[in-house]
Amino acid sequence: MTATAPPEAPPEIDLGGEARSRRTDRGFTGLVALAGLTVLIVLGLILVTTSVQAWPAIAADPIEFLTGTTWDPNEEIFGTLGFLYGTLVTSLIAMIIAVPVSIGIALFITEVAHRRSRKYIVTIVDLLATVPSVVFGLVGSIVLIPWVQPIYQWWAGVVAPVPGLNVIFDETNTGRNYFTAGLILAVMCIPIITSISREVFATVPDIDKQGAYALGATRWEMIKGAILPHSFGGLVGASMLGLGRAMGETIAVALVIGGAIGVNTNLFAPGNTMAAVIAQQWGESGGLHTDALIGIGVVLFAITVLINFLARVVVRRAEIQMKGAHS
Amino acid sequence: MTTLQSGGPTPPDLSGRNLSLRRSIADRGATVLIGLCVLIAALPLALVAWQVVSRGASSWSLDWFIEEIPRNYRTAGPGMGPAILGTLAITGMAALLSIPIGVLGAVYLNEYGKNKPLARFIRTMADVMTGVPSIMMGLFIYVGYVIVIGDKTGFGGALALACLMLPIVIRSTEEMLRLVPDELRQASSGLGARKWRTVMGVVLPAASSGITSGSLLAVARAAGETAPIIVTVGLTYVYKPDLFDGQNTTLAAQIFRNASQPFAASQDRAWGAALTLIAIVFLFTIVSRIIASRFAIDKR
């Protein structure tokens, strides 16, 4: 490991507990404590440094920054509501798709699959997690978009006479839009939601499941009656972790969302998200524009940290309730 | 529940043959739906694998791995050598920075902090940190390092990736330390070893395979990161062996840079780079798996 350990010295020498050895011990304790504290230090530094850097852009008009929909770097008008809206809409689409699918996969792995096939399914989900996000963006922007574009057009035509739906699903031009971004995000969230859901299902007491079967329940009735009610809290936490992942995803979204500014109720229209706009405009930005982009990052950071923190608390509490012990 | 056998000595038929139609359809339907979910997850994976291999494989040749990246997006032809070197160098530097700190941090959590409030808080915050968007790490290093130094450098990218890897290394190492049997620690202190010697000489070696495999997974994840790289390293096409000297490049950055161009030549290069990147990431993942399964400590 690290260079602190001297090569093999006979342990008897240490038995006396000389001052030097005691000092090494104390030094080591300090060293590992410092390493542990790095996490807190880095998180704190992220918040402080980026906030300070972004302050000029935000302070000019904090209300405009959070609620304005006009984003014009040349005029130094920085309204980020459109990006917040894009982040919320795309991650909502992702959640609507990913949560049921992930819970289904987790149920399949824990309850349906045989031991041997279980391994392969876990591998599939793990592999999905290892694909770099930029590759999802590449496949999305070059392969997926030409495929889904006609489907969008067809669907917009189908729902055109339906009031309400025709506002959400309207004309589409390029296929680079909120909905495509939501689809890609859904795929990227599946691994994390699945793995946490599996952990949650694993804490359901076996006696409850066997009890349900003994009462004559079918497998589905057992899942409905024994597993799901027990796991509800944990599943909420798992979904929130997925949500945090979806809101922070940058590159895949930047490649497929189109990069329009403002709020658009049409899911088939191009838009932008908080994370994606930073990646898209970073190269050409400078001065206050860069600071404003960092400001978007600060808001995103606050939101995702809050969501992740709550999710961890929810998951932990659910586990404690179930097992009656700390994990 | 609906069919109750009354009276007689005949045991209830539990074979499921006398299930009501509604219940059996609900059960079958649910099983099919659950199976369908697995298919939905397998589909995008198959799509990605098929597309990346079929479109990227044609660009692979000896030249691909050693040639320079063409400056013009329209120029067809091979060359991703700088990006491959950049990926390895920047990720390697990030690993050098984050793994020692992460392992020591995990030692604190599992050997010293245990259930103290501070340790529990650090544990929760490490979990929270794994959920921090990767671009945020880039922005942090940009503000805290790039602006101070005055130039985007490969080392900045390594710092950002290190921030990303740190919580993953800490949490996976801690899991592994927890598996080390307490008897080993007791035997060591029974022989008179001080705590730091117990940790360095007994606990860490016992958990070394698990720590290595967890760290490799963190490396694999960092190697594929794009957002922090384009913020701190820049989007260029040359590799500089000196990570402190100006802009650099990685495979992920090359995929992003080339994919956003409308030209066939650059898109081909993006596919080739994607295949190369996935190959590297999978290599790390597989090696990590092998280490984890071959050299694992007996868990029970």
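Start with contacts in chain B (heavy atoms within 4.5 Å): among those between residues at least 6 apart in sequence, 70% join residues at least 24 apart. This is a predicted model, where local features need pLDDT of at least 70, side-chain atom pairs count only at pLDDT 80 or more, and totals for chains, interfaces and linings use all residues. Residues are numbered from 1 along each chain as its sequence is written, chains are lettered from A and ligands numbered from 1 in the order in which they are written, and side-chain values use heavy atoms, leaving out hydrogens and water.

Chain B has 11 helices and zero strands, counted as DSSP runs (H or I, at least four residues, for helices; E, at least two, for strands; numbered from the N terminus). Its radius of gyration is 26 Å, whereas a compact globule of 300 residues would come out near 19 Å; that value is taken over C-alpha atoms, and the globule rule is 2.2 Å times the number of residues to the power 0.38. The C-alpha trace of chain B spans about 90 × 65 × 35 Å along its principal axes. Of the 300 residues in chain B, 53% are buried (under 20% relative accessible area; exposed is over 50%, partly exposed in between; 1.4 Å probe, protein chains only).

Now for the rings themselves. Over all chains there are 15 aromatic pairs, where rings of Phe, Tyr and Trp (its six-membered ring) have centres within 6.5 Å, and planes under 30 degrees apart count as stacked, over 60 as edge-to-face and the rest as tilted. Here are two of them:

| Pair | Geometry | Centre to centre | Plane angle |
|---|---|---|---|
| Tyr85(A) and Tyr178(A) | edge-to-face | 5.8 Å | 90° |
| Phe179(A) and Phe268(A) | edge-to-face | 5.8 Å | 90° |

The tyrosine pair ties helix H4 (residues 81-112) to helix H8 (residues 178-202) of chain A, 93 residues apart. Tyr85(A) is partly exposed at 23% relative accessible area, while Tyr178(A) is buried at 0%.

The phenylalanine pair joins Phe179(A) in helix H8 to Phe268(A) in the loop between helix H11 (251-256) and helix H12 (274-281), 89 residues apart. Both Phe179(A) and Phe268(A) are buried. They also belong to a cluster linked by ring pairs, together with Tyr152(A), Trp154(A), Trp155(A) and Phe169(A).
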